[in-house]
Amino acid sequence: MKRHHYETDHPEFYVAMATPGGQGGGALSTRGGARRMKWALELTLGNARGRGDRQSNQGVVMYPIGYSDKPVPDTSIQESDKNLVEKRCWDVALGPLKQIPMNLFIMYMSGNTISIFPIMMVCMMAWRPIQALMSMSATFKLLENSNQQWLQGLVYSVGNLLGSALAIYKCQSMGLLPTHSSDWLAFIEPPVRMEIMGGGMVL
Amino acid sequence: MHPPSLVVTFTKKSSVKMAKLTSLFVILLSFFRISEAVFEDQVGKFDWRQQYVGKTLFAHFEANTQSSKKLFVATDKNIFASFNSRTGDLLWRHVDKTGPEGTIDILLLHGQDALMVVGDGRLLRSWDTNIGGLNWEAVLDTGSFQAACFVAIQDTVKLVSVLKKAAISLHYLSNGHQKWVENLPDSDAVQYQAVYSGGEEEVYVLGVVPNSHLTIIAYSLEDGEIIKQRSVEASWLSSVESSCVVIGQGVLMCVDPATLALYTLPIQAEETPEFSQILLQSLDLEVSPGFQPVLVSSQPHPARSPLSEFFLQLGPDHHVLLQLNADGYTIVPLRDFQPAFLVSFATTGKKTVAAVMTPKNETACAINLFSVDSGRRLLDTTVFFPLEPNDGKPHALYVHAFLKKDDSVGYRVLVQTQDHALTFIQQPGRVVWTREEALADVVTMEMVDLPLTGTQAELEGEFGKKAAIQDGLFPMVLKRLSSQVTLLQAWLAHLWKLFYEARKPRSQVKNEVTIETLSRDEFNLQKMMVMVTASGKLFGIDSKSGSILWKHYLENVQPNAAFKLIVQRTTAHFPHPPQCTLLVKDKDTGLATLHVFNPIFGRKSHIALPALPRPILQSLLLPVIDQDYAKVLLLVDDQYKVTAFPSTKNVLQQLQEMASSIFFYLIRSDQGNLSGFRLRKDLSTERIWEVVLPTEVQKIVAVKGKRPNEHVHSQGRVMGDRSVLYKYLNPNLLAVVTESTDTHPERAFVGVFLVDGVTGRIIHEAVQRKARGPVHFVHSENWVVYEYWNTKSRRNEFSVLELFEGTELYNSTVFSSLDRPHLPQVLQQTYIFPSPITTMEATLTEKGITSRHLLVGLPSGAILSLPKMFLDPRRPEVVTEHSREENLIPYAPEMPIRTEWFINYNQTVARVKGIYTAPSGLESTCLVVAYGLDIYQTRVYPSKQFDVLKDDYDYVLISSVLFALFFATMISKRLAQVKLLNRAWR
């Protein structure tokens, strides 16, 4: 799965590369003695705060004029950012649905016998969608930035519902659902007796 | 090995498969056979057995020395037994066949040999009294037994003669071989009744032609030749046995109640003898009106002639010691004993004494020894026999006399009372032991819960309805406080007792149960067993220890009376005492009496009893209670009128309201008639149905309804496809068993009819062809199990009938027999059982959740706990997925008997007659009492003890692990905190 970095651990690259998604930055890192070059071009003029840099035998470095400590938000790339948010939101929304094939496979593998592992699987399968549905509001917060928030929310909940339906189906096939009359047998009260009868052989 | 425990944990999450799984669990467990039987250290922990012998007919003491310990009795239960006379314990016991085949006709004791004639003269047996082994057994010729006596040749007893109706035989004492047998002359007309030998060369046989003449025949010991034959005119004599004895030098002494005279006759006289008459008046003796005088004589040694002193009983408590003078014609009265209940002779060495029991006061009788020669009282020989108000009157006296070191006569005495109890008394007047032999014939019994302890009861009573009405607010607060204080006191006392007893060694801690300390235990496992015996004596026995806590003797109970014991009020209604009612019906007059008593203390309740002038046919206990919480008992008389007991206004009003829903049924076995009645508002009845089973073809043997205290937890059975097969639980269903009158093996049959007791509708009938009784059966829940003898295959068979309503319930809230259009589905299966059985009962538990077992009494004395699972008509012949899911055992025609199913291990119960089961406070546990000749009490756990921790549960290990884990958590929590803090500082 592809990962998107909106921030990196190295704030120095914001200045240098001006692209938030810069992945090649690592190549220019001077940290790690193994890849130490004979010489290196330090674009950031050193960073006194970086712990790793503290070990480099450099003295105190002055910031250049106009350098700001905070990264400057780049407003020029708003459009692609939006798309990414959208994409990420869809990922969140589709997550439960993507789980389903995996669950089906586990279900098939675990079989219908009642023993500790199938029971644990079923519990997990049932519990995760329920947990997700219970924390719906948190998920909605995550999807806040998306335009298709409602659609995504719907897809997300449908996915979870499908997941729990699957769990219920599994319970059903394992015979754990009270769907038969025998499951309610213990709750049937003995009928009230209308007549009183007694007697016996003549003494 | 133990996955089921996990399974159970998970089923709690889904109460769905629960029932199924628990049943699986139970079945799995039941296959682990190890836990089935009793462990060695559990022997006698929860169970006890008491052995009895029955009503004593003959009793003899071992040789007359002071140190002898043995006592031999032969009883009406065909038992020959020996007791240790110091403790009353059974040394050995021989149980013979029941019925006339095993009847003990006579028991004679000589030295080490005990001679016994068994089965109305069928067998002659000699026993070694030391070890109770059989010396020899000889089969006698046919003919009913009349009399037997030892015969001595030259001062040593070598022979025994047995007189039968038409023959006399002589047998050697050493090996039982017959010396000779002779037919008696003219035995059709003459009733030979007595045989006498006094150490001479002859043996004399006495016979009588009633109201005509007496016949005396002398046989030669050598070859059985008739030496003499005399006939004496005796028109007043009807029976030698009841009115004549031989005394002195062969003088026949007879008493005639009509002429009030004694007659003497020398047996050995050469010439034709004549009876000489001595009028009682001439001796200044008077017979009580209507009393048949009785003679008592004694022959101390068979080789010598009897004593010339004898007792004459003139009234119920009037005896006279008389002496026959040497001339053989005159009589001297030695001493007059009035009042005197019982008299007996006893001989030791050369001395013979007479023991006389005289009433002393209300609570005791005195027994004194008298010299036979002079009639003088021997000094320091008085012994007191306590007369309990709840025991019977003294009935027989057996005296064991011995010579003390100073040559004076000492004695011990065995007193038999009318209630069959035996009491052994030593000389200073100490009761050494008492045996309640009435318990050898228990007729019916009930188990009653014990009352709560005093403090518990006080708490219960404090907030009773009545209390709240009577008291105001303030007294209630005071009451509350005071009861709290008493509770605290009781708790402190309990703690103190625990502490005090913990210091003592375990063996010294006494757990004596007395009637004062009786209280219900935590799980209601200890109960009061109320037992009714055929002799009319009632017993209250503590079920835990088997000790008799109270007894009550009902006098004037006919030997064949019918008993019905009813618990009208249990202990649950404090402060009202529990109440039991015993209905005793006299078979001859048909009249019934009620005995109302408190089952815990045995005391008779002083409640106004209803007058029962008419014969009572049956009784019926209603679930209706009166204002004092006593259930109402209805008594039906021969005019089908009903008497209510108690019959307060409240009860009568309730009865009027409910009359239309009260039904009863009566079965007249002699007429083959079953009829049902409905109660009218005026307490009369109307017959609403009648079923007649022609008595020429079959006769009704038994009928059983369901036990009223039975609870059925599950209303149906879960099938393999998880649907439900509902049980047909008709509370009014009766199982009627009939047997054919034709006993030919090809035509004999056994019928089982299931009849609805309200409507008379025959729900099902099963006829087992080529089968014969006796049928033993159990009717419970929705099944009937019966056992019979298959005459074709010649084996015992078990058959089970199970009734199901189907997959739909007709009416799940209310059961009315009047509204049941559909007949149930009936399933039946039959199995071969490898043993005959004597009785059968089903286990019973509080809520009916525990699986059922059948308790089967076998003739061997073992009690088999047979899982009902094996008697299930749904057992498949071909195993399918569904049947496996249901845990049905595949059908196998043979029913196994596994020795670990014997609940009484080696404690066999002789002649099991009945098994009583009662629920305890624990659902897993059922209390069982098996009674017959012996009484055996135990507990059974049909589904194992699922609600109790095992005895060997390791409390120490579990609690130490728990504590260790707890401390480990605490420590690791602390460590984690420290580590977090350190990290934060870095």
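1. Let me begin with Arg687(B), which is partly exposed at a relative accessible area of 40%. Please keep in mind that this is a predicted model. The salt-bridge partner of Arg687(B) is Glu690(B), with the closest N and O atoms 3.2 Å apart. Glu690(B) also counts as partly exposed, its relative accessibility being 42%.

2. A second salt bridge joins the side chains of Arg852(B) and Glu710(B), at 3.5 Å from N to O. Arg852(B) sits in the loop between strand S58 (839–842) and strand S59 (853–857) of chain B, and Glu710(B) in the loop between strand S47 (698–704) and strand S48 (716–718) of chain B, so this pair ties together parts that are 142 residues apart in sequence. Arg852(B) and Glu710(B) are both buried.

3. Arg435(B) and Glu437(B) are worth a look as well: their closest N and O atoms are 2.6 Å apart in a salt bridge. Both Arg435(B) and Glu437(B) are buried.

4. Over all chains, the structure holds 32 salt bridges. Some link up into a network made of Arg717(B), Glu802(B), Lys868(B), Asp872(B), Arg874(B) and Glu886(B).

5. Now to the rings. There are 28 aromatic pairs over all chains. In the pair of Phe798(B) and Phe833(B), the ring centres are 4.8 Å apart and the planes stand at 90°, so the pair is edge-to-face, a label that needs an angle over 60 degrees. Phe798(B) belongs to strand S55 (residues 795–806) and Phe833(B) to strand S57 (residues 825–833) of chain B; the two are 35 residues apart, and the pair links distant parts of the chain. Phe798(B) and Phe833(B) are both buried.

6. Ring pairs also build a cluster from Phe61(B), Phe83(B), Phe424(B) and Trp433(B).

7. Asp954(B) lies in the loop between strand S63 (935–940) and helix H9 (955–985) of chain B, and Asp954(B) is partly exposed at a relative accessible area of 39%.

8. Finally, there is a nonpolar surface patch of about 880 Å², whose members include Leu949(B), Tyr953(B), Tyr955(B), Ile958(B) and Val961(B). Val961(B) is placed in helix H9 of chain B. With 42% relative accessibility, Val961(B) counts as partly exposed.

Terms used
Residues are numbered from 1 along each chain as its sequence is written. Chains are lettered from A and ligands numbered from 1 in the order in which they are written. This is a predicted model: local features need pLDDT of at least 70, side-chain atom pairs count only at pLDDT 80 or more; totals for chains, interfaces and linings use all residues. Side-chain values use heavy atoms; hydrogens and water are left out. Helices (H or I, at least four residues) and strands (E, at least two) are DSSP runs, numbered from the N terminus. Buried means under 20% relative accessible area, exposed over 50%, partly exposed in between (1.4 Å probe, protein chains only). Patches are made of residues with over 30% relative accessible area and no salt bridge: like charges are joined within 9 Å, nonpolar side chains (Val, Leu, Ile, Met, Phe, Trp, Tyr) within 5 Å. Accessible areas come from the Shrake-Rupley method with a 1.4 Å probe; for residues, only the protein chains shown count as cover. A salt bridge is a side-chain nitrogen of Lys or Arg within 4 Å of a carboxyl oxygen of Asp or Glu. Rings of Phe, Tyr and Trp (its six-membered ring) pair if their centres lie within 6.5 Å; planes under 30 degrees apart count as stacked, over 60 as edge-to-face and the rest as tilted.
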